[in-house]
Amino acid sequence: MSGLPSPLLHVGYHKTGTTWLQETIFARPETGFHTAWPDRRMLVEEIVLANELLWDPELAASRLEASRVPGPPGTPRTPADAALVPVLSHERLGGNPHSGGHDSLAIARRLQRLFPDAKVLLVVREQRSMIASWYVQHVREGGVSSLREFLRPIEPGTGRIPRFDPRYFEFDHLARAYRELFGADRVLVLPYEWLRAEPEAFVARIREFAGCPGPMPRLDLHRRHASMSAAATALSRWTNRLLVRNVVNPSPLLGGVLEGHRNTAAGRMLDRILPRSIMNLGGAGRRRILDTFAAGRYEQSNARLQACCERDLRSLGYAMAGLVDEPATATRPPRTAAS
């Protein structure tokens, strides 16, 4: 990729406006970006799912290069295309909450092997809010657990398969790992709450960090994925028990009428026809459960995360312990060939 701007690796997290960033910012050339690797399935296969013992970096690099789009698809190539920042974006690169982010460090190391000169964007979210949103996503994907069940580990200590792990939401570990791999000056950590409050300023900071050309365009602020209400989530849990068969819910009562699919139609219909006062029934109880679960759990991590993030996290609602000494600035590792 000689002669091109340094690529931007947007590695997540889930539930931090990733779809909006991918569709509204990274896929629009007027923002100064273009999605250079649009084949999301290929990204997962080459970077995420490959067996660690069998992963061939040279083969992965050649496939990534073959799939790279040199400029905005469907438009004539112009000199301006060469100035656009190529983006590789997939929230799965930051791990998966279903499996406790068990492979997030291995993925980070692979990305550094493949893109040693890249810049990295990592978007975090206050833990109670993120867990609440991810629980709804768990149900959207076929899950049948109540929130209490979802937060309670099954057979702790056995390690048979990766499971939900609350430590996944200690964001400082992954942020500091990327800083060590790529260099502190090449990793940008931003809070999702800033995106919600000031989307233009949020995007402007990403463009400045990535080195995007041209003026800031007007943004489409339409929200892409609205969350299901508490009532709709509860209904979907029970229809999942009957209909959906997938890795999240392997044994539905009716044998998997919707095998491999999400079941959101009933919940979405409920949200359209019921008044908001009924839709939000159960929301207060869910907040109490999450307050209890998170109490005292993330304060130290957030204090360490603050050393990696230029925005004031405490003012955005993050639970924060006393200040933690900032680690020594990471130095960039020696350049290695994208192999």
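This is a predicted model: local features need pLDDT of at least 70, side-chain atom pairs count only at pLDDT 80 or more; totals for chains, interfaces and linings use all residues.
The chain has 339 residues, and 51% of them count as buried. Its secondary structure comprises 14 helices and seven strands. Among contacts with a separation of 6 or more, 77% join residues 24 or more positions apart.

Five of the strands form an open sheet with parallel pairing. Their order is E2-E3-E1-E4-E5. E2 and E5 (187–191) are the edge strands, and each pairs on one side only. On average, neighbouring strands of the sheet are turned by 30° against each other, direction ignored. In general, strands of a sheet pair through backbone hydrogen bonds, either parallel or antiparallel.

Strand E3 (residues 85–89) has two partners in this sheet, E2 and E1. E2 (residues 33–35) pairs with E3 in the parallel sense over three bridges. Within that pairing, phenylalanine 33 has valine 85 of E3 as its bridge partner. E1 (residues 8–10) also pairs with E3 in the parallel sense, again over three bridges. Here, histidine 10 stands opposite serine 89 of E3.

The side chains of E3 were considered next. Val85, Val87 and Ser89 point one way from the strand. Pro86 and Leu88 point the other way. Residues on both sides are buried. Because five of its five residues are buried, E3 is largely enclosed by the rest of the structure.

At the other end of the strand order, E4 (residues 119–124) runs parallel to E5. Five bridges join the two strands. Helix H9 (residues 199–210) lies across E1, E2, E3, E4 and E5. H9 runs at about 175° to E5.

A helix pair was also examined. Two packed helices are described by the angle between their axes and the distance between the axes. For H7 (residues 172–182) and H14 (residues 299–306), the axes come within 9 Å. They cross at roughly 30°. Angles under 35 degrees count as roughly parallel, and H7 and H14 are therefore roughly parallel to each other. Their crossing is left-handed. On the H7 side, the contact involves Asp172, His173, Ala175 and Arg176. These residues meet Ser301, Arg304 and Leu305 of H14. By residue type, the contact divides into two nonpolar, two polar and three charged residues.

Notes:
Residues are numbered from 1 along each chain as its sequence is written. Side-chain values use heavy atoms; hydrogens and water are left out. Buried means under 20% relative accessible area, exposed over 50%, partly exposed in between (1.4 Å probe, protein chains only). Helices (H or I, at least four residues) and strands (E, at least two) are DSSP runs, numbered from the N terminus. Two strands pair if DSSP finds at least two bridges between them. Axes are lines fitted to C-alpha atoms, for helices over the stretch in contact, and angles run from 0 to 180 degrees between N-to-C directions. Angles under 35 degrees count as roughly parallel, over 145 as roughly antiparallel, 65 to 115 as roughly perpendicular and the rest as oblique. A crossing is left-handed if the near helix is turned anticlockwise from the far one by less than a right angle, and right-handed if clockwise. Contact means heavy atoms within 4.5 Å. Ala, Val, Leu, Ile, Met, Phe, Trp, Tyr, Cys and Pro count as nonpolar, Asp, Glu, Lys and Arg as charged, and the others, Gly among them, as polar.
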